[in-house]
Amino acid sequence: MRGLRGKVVAVTGAGSGIGQAVAERMGEEGCLVAVLDWNMTGAQATADHIRNAGGEALAIKTDVSDESQVEAAFARIVEHFGRLDILVSNAGIFSAERDGTVDVLPKAVWDEIVGVNLTGMYLSCKHGVAAIKATAGKGAVVLTGSPTGMSGCTPANIAYGSSKGGVHGLSRVMAVDHAPDQIRVNVVVPGFTLTPIVRELVADPKVYEWQVQNIPLKRGAEPVEIAGAVAFLASDDASYMTGSFMFVDGGLTAI
């Protein structure tokens, strides 16, 4: 991808799944990668993988729902690398067991999911965008959205769907606000993606077949396939894209 080599990128939720794949792909593209995750073991493993492949990476333990941790993480990134060019705000949680319909969902569950998925996005963007403006002066932000924020495709997950709908609104306003700053803001919208947790949930072939039956490509995405889309949106190849939503869903939205 054009314009990525030598850039400093921060990826939240990079200790596993899509975030891990994104961090590793950005490392392959020649970026200097800050790996942020609440699970330091996962973050360190991702950073080690990037370094073992010849790249440069820094692991930082960060709970994105805690502003003091987020602020400290971005200060450390700037101190270590000297600047920030790209933010990939990806960290999120999903719980089919604890989420539910609006009439029975405990407020504590709502607060936890929205606190990470939406407030965590806001906090990461607040301090990430400020760091970009103060150092690189221009750059790119990519947020991880979800089809659940646009349709009721995952029933009885009111907190998760609401949080992702909020992320989509956040991205649109940010894109307009920061266009004069030459900071582009876009959203990648992954479809059914085979992260380690999802693989466990669909280990039964019958469950997997049920999950993919309405997907035109008849399979789930690998995290690396989502990472490729993120790398594009962050690169100069997407220099005229801001406020856009890129669907990587095997054709699901075409139905």
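1. Strand 2, helix 2 (residues 40-52) and strand 3 form a right-handed β-α-β unit. Right-handed here means that, with the strands pointing away from the viewer, the path from the first strand over the helix to the second runs clockwise. Helices (H or I, at least four residues) and strands (E, at least two) are DSSP runs, numbered from the N terminus. Strands 2 and 3 pair in the parallel sense over 6 bridges; pairing requires that DSSP finds at least two bridges between two strands. Within strand 3, Ala 59 is the bridge partner of Val 35.

2. A note on provenance. The model is predicted: local features need pLDDT of at least 70, side-chain atom pairs count only at pLDDT 80 or more, and totals for chains, interfaces and linings use all residues. Residues are numbered from 1 along each chain as its sequence is written, and side-chain values use heavy atoms, with hydrogens and water left out.

3. Strands of a sheet pair through backbone hydrogen bonds, either parallel or antiparallel.

4. Back to strand 2 (residues 32-37). It is mostly covered, with 6 of its 6 residues buried. Buried means under 20% relative accessible area, exposed means over 50%, and partly exposed lies in between (1.4 Å probe, protein chains only). Leu 32, Ala 34 and Leu 36 are buried on one side, and Val 33, Val 35 and Asp 37 on the other. Strand 1 pairs with strand 2 in the parallel sense over 5 bridges. Thr 12 stands opposite Leu 36 of strand 2. Strand 1, helix 1 (residues 17-28) and strand 2 make another right-handed β-α-β unit.

5. Strand 5 has neighbours to check on either side. Val 88 has Val 142 as its bridge partner, and Ile 86 stands opposite Ala 140. Strand 6 (residues 183-190) also runs parallel to strand 5, through 6 bridges. There, Ile 183 is the bridge partner of Gly 139.

6. Strand 4, helix 4 (residues 107-134) and strand 5 make a right-handed β-α-β unit. Strand 5, helix 5 and strand 6 make a right-handed one as well. Helix 5 spans residues 158-178 and contains Arg 172. Arg 172 has 45% relative accessibility, so it counts as partly exposed. Its C-alpha atom is 20 Å from that of Ala 131, a residue 41 positions away along the chain.

7. Salt bridges next. The criterion is a side-chain nitrogen of Lys or Arg within 4 Å of a carboxyl oxygen of Asp or Glu. By this rule there are 10. One joins Arg 2 to Asp 237 at 2.7 Å, N to O. That pair links distant parts of the chain, 235 residues apart: Arg 2 is in the segment before strand 1 (8-12), and Asp 237 is in the loop between helix 8 (223-234) and strand 7. Asp 237 is partly exposed because its relative accessibility is 32%.

8. Two further pairs. Arg 98 and Glu 112 meet in a salt bridge of 2.8 Å, N to O. Arg 98 lies in the loop between strand 4 and helix 4, and Glu 112 in helix 4, 14 residues apart. Both are partly exposed: Arg 98 at 38%, Glu 112 at 36%. Arg 219 forms a salt bridge with Glu 225, with the closest N and O atoms 2.8 Å apart. Arg 219 is partly exposed at 36%, and Glu 225 is partly exposed at 34%.
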